[in-house]
Amino acid sequence: MSQNHNENRSELLPIEENGKTYWRSLDHVAGTSEFRDFVAREFPEGASELNDPVSRRSFMSLMGASLALAGLGTGCVRRPEEKILPYVRRPEDLVPGLPQFYATTMAVSDMVTGLVVEAHEGRPTKIEGNRLHPASRGGACTFEQAAVLSLYDPDRTVRVFQDRVEKSWADFDAYLDGLLQKFRGNGGNGLVIVSESSASPTFARLRRQLTEALPQARFFQWEPVSNERVLAGTRLAFGQPLEPVYRLERADVIVAVDADLFGSGPFHLRYSRDWASRRAPDAPGGMNRLYAVEPVFTVTGASADHRLRVRSSQIGPFLRALAAELQGQGVAIPAGIAQAGQGAWQKFVQALARDLAAKRGRSLVAVGRFQAPEVQAIAWAINDALGNLGETVRFAQPADVPAIAPTEAIRQATALLDGGNVDTLVVLGGNPVYDAPADVPFAAAMQKAKNRIHLTQAPNETSALAQWVLPETHFLEEWGDAVALDGTWSLVQPLIRPIWDGRSKIELLARLAGSQQTKGYDLVRATFLENQGSEADWRKALHDGVVDGTSRRWVEATLDAGSAAGAAGRLAAPKDGLELVFLVDNKVYDGRFANNGWLQELPEPTTKLTWTNAALMGPALAEKLGVKSGEMVRLEVGGRSVDAGVWVQPGTADDTIAIALGYGRTFAGRVGNNRGFNVYPLRTAEGAWTATGASATKIAGTALLAATQDHHSMEGRPLVREANLRDYEQNPYFAREMVQHPPLVALWKQHEYTGQQWGMAIDLNSCVGCNGCMVACQAENNIPIVGPEQTRMGREMHWIRLDRYFASANAADPTDLTDAEVVFQPVTCMQCENAPCENVCPVAATVHSKDGGLNDMVYNRCIGTRYCSNNCPYKVRRFNFFDWHTKGTGTGGNPLTDVEKMKFNPDVTVRTRGVMEKCTYCVQRINAAKRDAKVSGLEKVPDGAITPACAQTCPTEAIVFGDVNDPNSRVSKLKKQPRNYEMLAEFNTKPRTSYLARIRNPNPELVS
Amino acid sequence: MSTPNTIPEALLPTSVYEEEQLVHGGLNFHDVTEVVARPTEEKTPIAWYVAFALALGVLGIFGASILYLIWEGTGIWGLQQPVGWGWAIVNFVFWVGIGHAGTLISAILFLFRQKWRTSINRFAEAMTIFAVACALTFPGIHVGRIWFAYWMFPLPNQMGMWPNFRSPLLWDVFAVGTYGTVSILFWYVGLIPDLATLRDRAKTKARALIYGILSLGWRGSMRHWVHYEKAYLILAGISTPLVLSVHTIVSFDFAVSVVPGWHTTIFPPYFVAGAIFSGFAMVVTLMVVARQVFGFKDLVTLNHLEKMNKIILLTGTLVGYAYGMEFFIAWYSGNEYEAFAFVNRAFGPYAWAYWIMISCNVISPQFFWFKKMRRSIPVMFALSIFVNIGMWFERFVITMTLHRDFLPSSWGYYMPSIWDILTFIGSFGLFFTLFLLFLRFLPAIAIAEVKGVMPEADPHHGHGHHGEVRHAEHVEAH
Amino acid sequence: MDSTGHRPDDRDQSPVPYVFPPWVNQIPRVLPIAALAAAVVVIFTIWFWFSPKHTEVGYAPKQPVAYSHKLHAGDLGIDCRYCHTAVEKGPNATVPPTETCMNCHTVVRHDSPKLELVRQSFATGEPIEWTRVHAIADFAYFSHAQHVTKGVGCVECHGRVDQMEVVRVEQPLSMSWCLDCHRNPGPRLRPKDQVTNMNWKLPEGEDPVAFGNKLVEQYHVAAPVDCSGCHR
Amino acid sequence: MAKLKVLVAEFDTPAQIVEAAGAVADAGYRDFDAHTPFPIHGLDRAMKVPGSKLGWIVFAHGLFGGCFALWFQWWMSAVDYPMVIGGKPYFSYQAFVPITFALTILLSAFGTVFGMLFLNRLPRWSHPVLAHPDFRRSTDDKFFISIESTDPKFDANRTRALLEQIGGKRIALLESP
């Protein structure tokens, strides 16, 4: 079916006008006075920047040029004339040049995270987590941080379009009123609304309002990645759908069964932090132990003390075997659950069972959200038997569960449409044409609806089949609200006037529901006032971003043993043969972020692949199929086939091919089009996450797989230093003793560093390799995107990178990577006191600052000999081989448009071609803190007043920054720990950044 | 008048007598002048025009690829992380190396009273200057922001900034710059008397004027010769440490860094040896052709070439020793990074380049142990070209050491782009353009110096000697 | 063929006459002096004409509204901070929003034709396009607040604005100029409350050096000379 | 000043010129010179030409070059704008050696060449001897002696006689136009 599925799509391609589809008319729009007017109205200072030839945001290259002019010019050389456009009425409490911070919230389907957004003269430039929000605690994941780039995406819907012709909202409203009149008449018969899921109470309220107003209208919520199986699982186990919320800080033993606790899903930031809080060897309550059981590496598996490769379809049997062992340990597992397993994992299961049995009430068996409900039920039974319910896991009443689960919803919607008597289809956001299950022919059915309306932030595959395409607001442009997993209510408030005059989902929904209020602000406020109380609370909520004490009342969950046992019985016996596992991508999620360059260029944590997905398989399978990384395979499931590039990934379960969703978009935009391979055509409603009975055959051709790391072994070098808890306790100083070198004496007298001196400590023990720091840095420091070709050449620009090394788990044969251990190491400029890079720069463009002791990099002095980079032992320097912004290698060859330039952080120079750049510990933040201290008459910057972007966003607080001359600063205390070591210190570079060695806490029984 | 009677080389006995006889074919003073000056006076041969057009074409490629580079940025080259230096630096070191033979021959051999140098030094010096010209373009164009490259010079400016005198690159600027300047001065001083010769043989007013200006009104005055010879001696004296220092300092670009495989004390001597090695090879390559074309056979004899081949053999073996020593020290140092760097050179991804280098630089010169080989024109021509290929690869191998240093996470592999290649080829265009102009308009052999070492030049070279006799014969001829 | 054994040949009747007249012998004497003179000229040209001392200082563009600092700051004695409100808070002193003008000019000279543009802007909300006078390179980060709150007077960089009909650049605003002060801030400091005072003088009998050092102490002045002080 | 006159005589071999020059010198002439295509050893002694003082000029230049280089490196990196670079001292003299050396050589070289030209009073494009019909061979294979009218013992006839007597050929009296 996928075949014709694809065909319809191809025949429905809109006419390409010079490579840009008709509605991507931004490039002319952005140039128009209209856009400038918007900018001028919204932030005059910004306008002056945009219009002005030599502004911070219009690159140094121009400065270079104008300087050159000054050199060539005649006697009276003047700089080009600049304009200043002051406000006519300046907003209250706005100090031009100083950033402002507002609290808001972002919801990626059911991932709700409270945020604090930094804005410069009204331009949002940086997104950080909100410490007050339970899901964030100050951290923010890659999706949220990169959202600011999507705001300025030139490929957004910039207009109301009808049949590919520019229209206005007025036109649409007239049209809509016409329709609504009819529907009010017939009670909404023939009106079908397909929306993406929403965590917004206001949305829910309006949905109910709509169904009351138009009872005949059908409302469906479709989401390719949802928690429906979790709810189904709890329904099986406890008789009601419940949201489990883990409390990892209380668990001594954690078993993540095909569960990516730290990588994705609601609360993953919180889980990372809670887990990390018990990770230090001297942590109160002792160090916890993490087991991971999974088919393919996730960051969770990478952080685990023990990892077992298990095929996805074997997870059920594994749990039943575990249950059996637990019974053996005297744990009262209800009948019908346990089933003694046979298999390679017995030794592991036995040890695990003993460990769990010893930690009743202080352990947790967490099953992945995508495992079958039956499997989930078994896990709940086990947890119940271990007495973990209420202890390490609590259950919350789901906010508002749609009557129909997403998969069922899209099925029904498609059936209805297929029936042909749907008059009007309204798609609120989302992209069902692209991501609907392969066996649900939504695309074909959709066209049977007479009127098709799509409200979307950016035109996508679905818009291509719609008549009306409406610009939807970005969450930074709209009013809204959201409820987090634990029920915490938080508000979404706009930081900028809608750039393209869009409307939010709730605003459109309100119109459909015929509500009096149609302004987002009124709608949200109304919901708030009726549920959460007074005007005062409202103002406080706006300030804090979250509403106090709204985390839901917890529910006592009692196990329905019978139903659980029944579920266990229903488990299908696992089939042999190749099976396909679909992954939620850490970068483009389900595909919605495909046009976001920051995310595209982000290396996938465990594969280090950028700009693409790939068919991940273990070395054994690769050998069997006769393929190598970079070659192509054809994947086939149930008669549907997709071709994909191969990436050999250590630690992948036997006969398993894992591949991420969300790639191969054809209507994503200049950045995201045709990156990687679209595997939705293989993904049926049933086999949404695991497709058994698949086959793979090698085919001709190669794939552009750009990895940021080509070499995966540490070559036995003491870079990442780790030890087992027991060895550590015997010799806490093992890390420092790992390298033997003569006393480090310099040939000359070393400089004195007095006053506040900056340094950093990175705890490898709590780093889960989530990439948060990389995006934070990219956003904070105006780091360009270079595109897949350049990345593959080795020209990526990330200032901080996560080195990922594999080590064979097979002591006998270190080259055997079937089972592998993974370590992550964030590496950025070490700010060496004896910096090798400084010596070799002929023009003194990189020198040391006396106060602060930073390794300054002066872009405007650099002439680009690249000698410093050659001489940097840590290879953390990055060179602008081109003017990435004007050459646009990272944006499909398009130079940066004015609207994109609005993303730049005005406190950091935008580097031009031919200049070296690198991490500066976010010197702009250091200077800002110093400035504030000075202005307020302080002598020193207080500890914690400065947090570099990477440290700020780290969900596990693995990165700590501060004054190393102050013995009481957090960083000094960490550096005093025995685990502290400096990488390559034997070369006497005196790095200011040091690492805390990683400690593993393995089960003694499993240590050979 | 009759052209000098040149006896075919084969008939010439290589007796001891001939050995010390630096000029063959029994030429007298005037014949020497004729042989050397004629090529600059005769009607330009078509062959020259063809060669020149070719060279200009290649030079055009050079210019074009440089312009494109400035327009687009260094990204057009294959450079990346971790390999921040590519062909540009390889070519730089390659050309500087070649640029060593000239001054070496003029200066060091002069101090060692090696009279045989006289017939090749002019030629070698010219080659030096042109090679240095090629070399100097590369560090200039390889920087990211060429328009600010002048910041490398300590010029007062409104920023109050000065260059960093600790950087080997800055040492390069001064060392190579000085070397270029001194070489040109040395060369020009040597040219003055010969320019006067050309002035005095001028048939046209233009030639008389140009050569007249260039020869500064030289009139062979003995009182001038006294200062002149002193100056020449001193120049030789100061050029000798200079020529040794230049490649030493170039080697510092690598040796002063911390990169494993670069950070070694053996680099200076090893680079100097390599430089002489490649320089002499290039002289042989060019000489073999030039003496054929311009009939310098009697002035540049097989003995000269053989002597140079001996030096090639010596320096080639020195270089081979250095290669070996590097490995030993890497192992002996007990530094795992150092050790890995060298193992990786020989057996890593760039092994192919390494073994090309070894076979060209260490193995091929060994043929010169045999006199037959040393004296065989085709053999020495082929070998000298091999040596130059090998020496280019040596620099390539050294530069590529960057591709795997301390952190395996940052390892990479460098591939040259088409522009790398064109730029390199183009630099030969510059070299040969200049060289052809030199051969066409300037005396390719130091006339005065050659005359100075002829037996007739010695006042005590008694009467009735064959120099005189042959002179009489000439008189008969008229 | 003559007795001298001299071989007659074409070289004797060479067509080329004796080319150089005697006066050319003077050239070597003149040349060095000429070269020297040329060098001096070139160096001076660049030193002066291309330096910010000349390219920046004296720049006084015409403004859309003929606003006179002399009148407002000088004769009327309005404090700088009345209009440049953010000068003590943020990096920019900020050009005042139109409404600041209108605070007075709704009453004072409310119909003066000179103020047409201001009234227009206030009505339409279109900002007035002023032309920037004082500018430093975009890669140099300067904060007014940091300086003003440490007792650096406006005059130090902007000159006697209170005497300017049209604002002109008084100082080169070049890097070395900044450094001059950063290396020795004392002499450029004054009591904080005198910062906007255009004709503040060192109190009678005060020793300038001691006075400066006192303020450096008092205000914890630590003017950076590190690159990262201004460049990021 | 009176126009410079020069008597020029031609000789055939190095041996002859050495003899002749010796004779002229013995005859007490001071402002005379020998012109040869290449330096002839012993000729300077025969002419009683003092050795060259060029060495001292070069030494002075070299010394200045070296000191200057060291000075400006010290001043620029330790006095005018001292910066911490790679943790090295402001005045890292070890690192300043190469440039000091290079400039020493460079200045010496200039001293040598320009010193030589200065001592030889070159360039001098116009000189009476160049007018001798056969003087063009002075850079080829003939040898000349010229005696200038500035010499106190110069006397057109007696000097010419001397030159004839010592075997000079094609003697001519030339003067600058």
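In which loop of chain D is K48(D) found? K48(D) sits in the loop between helix 2 (43–47) and helix 3 (54–80) of chain D; helices (H or I, at least four residues) and strands (E, at least two) are DSSP runs numbered from the N terminus. This is a predicted model, in which local features need pLDDT of at least 70 and side-chain atom pairs count only at pLDDT 80 or more, while totals for chains, interfaces and linings use all residues. Residues are numbered from 1 along each chain as its sequence is written, chains are lettered from A in the order in which they are written, and side-chain values use heavy atoms, without hydrogens and water.

**Backbone features**

- K48(D) is not a glycine, yet its phi is positive, near 60 degrees.
- With a relative accessible area of 58%, K48(D) is exposed (buried means under 20% relative accessible area, exposed over 50%, partly exposed in between, with a 1.4 Å probe and protein chains only).
- E715(A), also not a glycine, has a positive phi of about 55 degrees.
- E715(A) lies in the loop between strand 31 (706–707) and strand 32 (722–724) of chain A, and at 34% relative accessibility it is partly exposed.
- Q81(B) and P82(B) are joined by a cis peptide bond with omega about 0 degrees; P82(B) is in the loop between helix 3 (46–72) and helix 4 of chain B.
- L122(D) and P123(D) are joined by a cis peptide bond with omega about -5 degrees; P123(D) is in the loop between helix 4 (93–119) and strand 3 (143–148) of chain D.

**Aromatic pairs and charges over rings**

- The whole structure holds 108 aromatic pairs over all chains (rings of Phe, Tyr and Trp, the last by its six-membered ring, pair if their centres lie within 6.5 Å; planes under 30 degrees apart count as stacked, over 60 as edge-to-face and the rest as tilted).
- One of the pairs is W171(B) with F252(B), edge-to-face at 5.7 Å centre to centre and 80 degrees between the planes.
- This pair links helix 7 (residues 168–200) of chain B, which holds W171(B), to helix 9 (residues 222–255) of chain B, which holds F252(B), across 81 residues.
- W171(B) is buried at 7% relative accessibility, whereas F252(B) is partly exposed at 22%.
- The pair of W187(B) and F438(B) is tilted, because the ring centres are 5.9 Å apart and the planes are at 45 degrees.
- W187(B) in helix 7 and F438(B) in helix 16 (residues 418–441) of chain B are 251 residues apart; W187(B) is buried at 12%, and F438(B) is buried at 3%.
- R665(A) lies over the face of Y434(A), 5.3 Å from the ring centre (a charge sits over a ring if NZ of Lys or CZ of Arg is within 6 Å of the ring centre and within 35 degrees of the ring normal).
- R121(D) lies over the face of F118(D), 5.0 Å from the ring centre.

**Helix packing in chain B**

- The axes of helix 7 and helix 9 of chain B come within 9 Å and cross at roughly 155 degrees (axes are lines fitted to C-alpha atoms, for helices over the stretch in contact, and angles run from 0 to 180 degrees between N-to-C directions).
- Helix 7 and helix 9 of chain B are therefore roughly antiparallel (angles under 35 degrees count as roughly parallel, over 145 as roughly antiparallel, 65 to 115 as roughly perpendicular and the rest as oblique).
- Helix 4 (residues 87–98) and helix 9 of chain B have axes that come within 10 Å and cross at roughly 165 degrees, so helix 4 of chain B is roughly antiparallel to helix 9 of chain B.
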